[in-house]
Amino acid sequence: MEKGLDVDIQTADRKTLASILAKFYVEVRRADGSHYKTTSLHSIRAGINRHLKSVHSEIIDITKDVEFTNANVAFKAATVQLKKIGKGNVKHHDAIDLTDIKTIYNSSVFDQDSPAGLQAKVWFELSLFLCRRGRENLNDLKKHHFEIKKDANSREYVSQVVDELTKKTREDNLSSRTDGGRMYATRQAHCPVASYKKYRDKLNKDNDKLFQTPKTSVPQSGPWYKKTSMGKNTLGEMMSSISKKAGLSTIYTNHCLRATCIAILDKAGFANREICQVSGHNNELSLSSYTGRICNNTKMAMSDSISRALGAHQHVTRPAPAATVTVPPEAEQNQTSIPQTNCSKTGIDHFDLNYDVELPSSQLSVLEVCSQSEVTEEVAIVENHNNNASASGSIIRNRSTSSTSTTTRQTMQVQQTPFVLNNCTVTINYFNNN
């Protein structure tokens, strides 16, 4: 506090402390005069409370004791004011989108034939599989901190064998990095253990650090890395650098890998207590900030659901799987051909067309359906009638006998995946009318 107050907080009475704190909560600022975020203000109050409990002559709790009621009212008012000026948002580290992860592996960023690419891949996978915290201790990691072992099934894996002190893992903390996650070999092209082995073989023997400065090109012989270690700031910006080089959808931070690990394990159905064993969290509730959010694909699906409810049609196309439509010869003799359609000349952006083909029960083995054109992911099954149009206004071509009565199709058997043809979304339904 820079208010020139001459108060000994170790001996000050509760009333004096409460008065000082009430004013402090409202007026506290950073060194540059800017406001703290609400989360920072909470941390400051918690720190003051811990300090007073350790040094004050009385047992004091400034968050609960009745003498500090007015101070806590001022604290709450201060947090409300901070939210009003935009300082109340909590920035959580996002999990890396799986599409972005595929982009990285398909790019040259993880080129295992270059010193920088191999190092980036090893750093990424160690951080992801072992659920490491963003920037912590990266510059202090050494070669002997990790080992390659085999389990009872003779399957190779990499694990951390030397513990480390972090802001969350103090000397009295029972959790340990050495009892955390494992990075197993996959025997595939991007096997993380194979990359780690190659990286270890290429390191400079004159430096015991795990992350050494990569050489600009592959030398004809000798190590790929210099005697100097990578800088703290360079390691702290590794994920940001990878994001920019690979052209990802957003710029991720190192800590996003930790969020990604937890999100993947949670989605895979592992229990929170099991995830905590890998992440190092002591309290399962701490995982809520990572697991309580929905992924981008789910958000998109929710938005599309609302759009459909409003009557909007958002068609996302993707290639159709390779297959064939097999119709028995007997059915082909009586089948009405599907007319050629070109919606692009009508001035209408898009049509949804449903064609119905009626087959006898004995011929309903027509299940191999495919098109080489594109298909939409949105499939709408409508209840069709054998009049001129279906309930949704789709065009119908049937082989059924003309009739003035309206008969509802009750036994729809197969619906072909819709495909795009001449700016139309076409669906062919095979059914039996018995």
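**Notes on the model**

1. Let's begin with one serine. Ser 127 lies in helix α5, which covers residues 115–129. Please keep in mind that this is a predicted model. Is Ser 127 buried or exposed? With a relative accessibility of 5%, Ser 127 counts as buried, because the cut-off for that label is under 20%. Setting aside residues up to four places away in sequence, Ser 127 touches Arg 132 and Leu 257.

2. Next, the main core. The largest nonpolar core holds 47 residues, and those with the most contacts inside it are Trp 123, Phe 124, Leu 126, Leu 210, Phe 211 and Met 239. At least two residues of this core come from each of α4 (98–106), α5, α6 (192–202), α8 (238–246), α9 (255–267) and α10 (272–279). Which helix gives the most to this core? That is α5, with seven residues. As a general background, nonpolar side chains in soluble globular proteins tend to be buried together.

3. Beyond its neighbours within four places in sequence, Phe 124 is in contact with Ile 96, Ile 104, Tyr 105, Phe 110, Met 239 and Leu 257. Apart from the core of 47 residues lies another core, of 17 residues, which includes Leu 21, Tyr 25, Val 28 and Phe 75.

4. Now the aromatic rings. The count comes to eight aromatic pairs. One of them is the edge-to-face pair of Tyr 105 and Phe 110, with 5.1 Å from centre to centre and 85° between the planes. Phe 110 has a relative accessible area of 6%, so this residue is buried. Elsewhere, a single aromatic cluster is formed by Phe 24, Tyr 25 and Phe 75.

5. Two arginines deserve a look as well. Arg 45 has its charged end over the ring of Phe 75, 3.8 Å from the ring's centre. Arg 182 lies over the face of Tyr 157, and here the distance to the ring centre is 4.2 Å.

6. Tyr 157 also leads us to the strands. In β2, Tyr 157 is the bridge partner of Lys 149. How many bridges join β1 to β2? There are five, and the two strands run antiparallel, with β2 spanning residues 156–160. Together β1 and β2 form a hairpin with five residues between them, and Ser 154 in the turn has a positive phi of about 65°.

7. His 145 is found in the loop between α5 and β1 (146–150). Its relative accessible area is 12%, so His 145 is buried. Leaving out neighbours within four places in sequence, His 145 is in contact with Asp 140, Ser 159, Gln 160, Val 161 and Val 162. His 145 and Glu 164 are 19 residues apart in sequence, while their C-alpha atoms are 9.2 Å apart in space.

8. Finally, please view α10 end-on. The buried residues of α10 are Ile 275, Cys 276, Val 278 and Ser 279. Why do they line one face of the helix? Because, seen down the axis of α10, these buried residues fall within an arc of 160°. They pack against α5 and α9. After α10 comes Gly 280, with a positive phi near 90°.

Methods
Residues numbered from 1 in each chain as written. Predicted model: local features only at pLDDT ≥ 70, side-chain atom pairs only at ≥ 80, totals over all residues. Heavy atoms only, no water. Helix = DSSP H or I, 4+ residues; strand = E, 2+ residues; numbered from the N terminus. Buried < 20%, exposed > 50% of the residue type's maximum accessible area, 1.4 Å probe, protein only. Contact = heavy atoms within 4.5 Å. Phe/Tyr/Trp six-rings, centres within 6.5 Å; stacked < 30°, edge-to-face > 60°. Lys NZ or Arg CZ within 6 Å of the ring centre and 35° of its normal. Core = buried A, V, L, I, M, F, W, Y, C linked by side-chain atoms within 4.5 Å. Arc of directions from axis to C-beta. Pairing = 2+ DSSP bridges.
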